[in-house]
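Subject: Model handover, cavities and disulfides

Hello,

Here is the model I promised to pass on. Please open it alongside this note; what I found follows below.

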Amino acid sequence: MEAPLHTQVLLETTASVSTLFGHFYVDIRTGPKSGLLLQQPLDFSMTAAQLLAYVAISVSWVEAGSLDTFVAAVYEHVVILPNDTLLPVSREEALVLMNRNLDLLERAIASAAKQGAHIIVTPEDGLYGWNFNRETIYPYLEDIPDPQVNWIPCNHPNRFGHTPVQNRLSCLAKENSIYVVANIGDKKPCNASDPQCPLDGRYQYNTDVVFDSQGKLVARYHKQNLFLGEGQFNVPKEPEAVTFDTTFGRFGIFTCFDILFHDPAVTLVKDFHVDTVLFPTAWMNVLPHLSAIEFHSAWAMGMKVNFLASNIHHPAKKMTGSGIYAPDSPRAFHYDMKTKEGKLLLSQLDSHPNHPVVVNWTSYASGIEALSTGNKEFKSIVFFDEFTFLELKGDTGNYTVCQKDLCCHLSYKMSEKEADEVYALGAFDGLHTVEGSYHLQICTLLKCKTTNLHTCGHSVETASTRFDMFSLSGTFGTQYVFPEVLLSGIQLAPGEFQVSSDGRLFSLKPPSGPVLTVTLFGRVYEKDHPSSASSHLTAETLIVML
């Protein structure tokens, strides 16, 4: 029997870009299964009494279909790339390529829906790839309206001009009764009356869109923090905090490099209280601390939210690593540098994840008196940053290493230390200034690449030494610390470690594999400087340097 229609009216700040400007609207949510939002603007000529009466009448339509859990899907996509991104193509040629990629995404979307998924995330650059300039990306762009226009492209394909990509995504969502998250390019005309208008008369944005299970456009996000080589796109004039509500929780969305900065990533969690983050990305893995599955799962744990990360699959550029992460542990993840195949992941998540106890990241470490081990400190480079290290000499020990205001403490016991493997405890407190500018405080236990201490911090993918236990803490000057544990073969350790309220990252049992790194990755946002990344540095150059 078909479920009856239920609606609920909620008064809150707008669930799209206008959240930043204090606009109010009424959400009419239909369900119980679809979680559809119908956004209705309020009439601000109403008196307070009229407004209260309006809301009082509206809330009598009670939502009966809220879900305690939902099934999430992410798809790691092998993108079909254009032959040449530096020569312009026609709009027709661009559509042919995007539709070839959409054919692949369609199979993943249909498969996810058949397996009960409520929402699926697809990756950044998933329709056309990367390395464009402003002129060559233009044929791939569409004008994407503000979601407040209440538009289902599948039902009204010509309402906002020629929008075949949005139309197809909308129909995929509608026909499969699933929320679809995709990354495409937005274009917005401008003129000389706007002093910031580019010379070619348009803004171009790296854009995420979300279509609900009825095919309606419910979210549009313009990427704030562009990575190296994204000169084809503009940065929005103000950071956009984009959220939308469903019967299975409140969602926020941002893209790739955004995760390393306060806005909009932290703002969505701290100020807009999202339950789940949607994260399309084209992430190049950087070991030891910034491989995709490692850092994204750590961010979910540190920020206490669900996190749905969909990455491009392109091993030649070190792009792989997608996952479905809950605050307490990864639910599903995929890392594959060997094949050229895409991967669909599904897992059940809590709609409103419980928030674990608040962590005081300096409590334990600040009470420890550093003991002299007799070991000599040494310096070594980790992703262009100079860390201070101490070599771990024995099978068991307690070590402290400091840099500036940060002191890192480690207690550990190895099952058996391999003679040809060196581990070290490192600390870094400073401004990272290569592909971006951001202040870090990092405590890390890591395997060095060789027995030469100056290789501590180099990329390492395998290890043989097993640990019985570890406990890592630091005197952090920030509440934003992301706990990482990465095992040999670039594997996570679900359920094998925990963070205590006094700021210790410790093992619950002997890790299931040899350890590559155990890390507390802290971000001190208030010490960030305006970007000082080298203008000549590109993503291609970065890969070679790594």
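The link of Cys-448 and Cys-456 is right-handed, with 85° about the S-S bond. The sulfur atoms of this disulfide sit 1.9 Å apart. Cys-448 is buried, and Cys-456 is buried too. Keep in mind that this is a predicted model.

How many disulfides are there by count? The count comes to five. Number the bonded cysteines of the protein chain in sequence order, and the pairing reads 1-2, 3-4, 5-6, 7-8, 9-10.

Next, Cys-190 and Cys-197. A disulfide joins them, S to S 2.1 Å. The angle about the S-S bond is 75°, and the link is right-handed. Cys-190 and Cys-197 are both buried.

Then there is the disulfide of Cys-154 and Cys-171, with 2.1 Å between the sulfur atoms. This link is right-handed as well, with 105° about the S-S bond. Where do the two cysteines of this pair lie? Cys-154 is in the loop between α3 (134–137) and α4 (164–176), while Cys-171 is in helix α4. They are 17 residues apart, and the pair links distant parts of the chain.

Is Cys-154 buried or partly exposed? The cut-off for buried is under 20% relative accessible area. Cys-154 has 21%, so it counts as partly exposed. Cys-171 has 17%, so it counts as buried. Another cysteine to look at is Cys-256: its relative accessible area is 7%, and therefore it is buried.

Now the cavities. Rolling a probe the size of a water molecule over the atoms shows where empty space is left. Here the count comes to three cavities of 30 Å³ or more.

The largest cavity:
- Its volume is about 90 Å³.
- The lining of the largest cavity is made of 13 residues. His-289, Leu-290, Phe-383, Ile-442 and Phe-521 lie nearest the centre.
- Two strands, β17 (385–391) and β21 (438–447), each supply at least two residues of this lining.
- Which element gives the largest share of the lining of the largest cavity? That is β21, with three residues.
- By class, the lining of the largest cavity has ten nonpolar residues, two polar and one charged.

The second largest cavity:
- It holds about 80 Å³ of space.
- Of the 13 residues lining the second largest cavity, Ser-297, Ala-298, Pro-330, Pro-483 and Phe-497 are the closest to its centre.
- Helix α6 (292–303) and strand β23 (481–487) are the elements that give two or more residues to this lining.
- α6 gives the most to the lining of the second largest cavity, namely four residues.
- By class, the lining of the second largest cavity has nine nonpolar, two polar and two charged residues.

For the second largest cavity, go to α6, which gives four residues to the lining.

Best wishes

Key:
Residues are numbered from 1 along each chain as its sequence is written. This is a predicted model: local features need pLDDT of at least 70, side-chain atom pairs count only at pLDDT 80 or more; totals for chains, interfaces and linings use all residues. Side-chain values use heavy atoms; hydrogens and water are left out. On a 1 Å grid over the protein atoms alone, a cavity is a set of points where a 1.4 Å probe fits but cannot get out, and a pocket is an open set with protein on both sides within 12 Å along at least five of seven lines; lining residues have an atom within 4 Å of a point. Grid points are joined across faces, edges and corners, and a volume is the space filled by probe spheres set on the points. Ala, Val, Leu, Ile, Met, Phe, Trp, Tyr, Cys and Pro count as nonpolar, Asp, Glu, Lys and Arg as charged, and the others, Gly among them, as polar. A disulfide is a pair of cysteine sulfur atoms within 2.5 Å. Buried means under 20% relative accessible area, exposed over 50%, partly exposed in between (1.4 Å probe, protein chains only).
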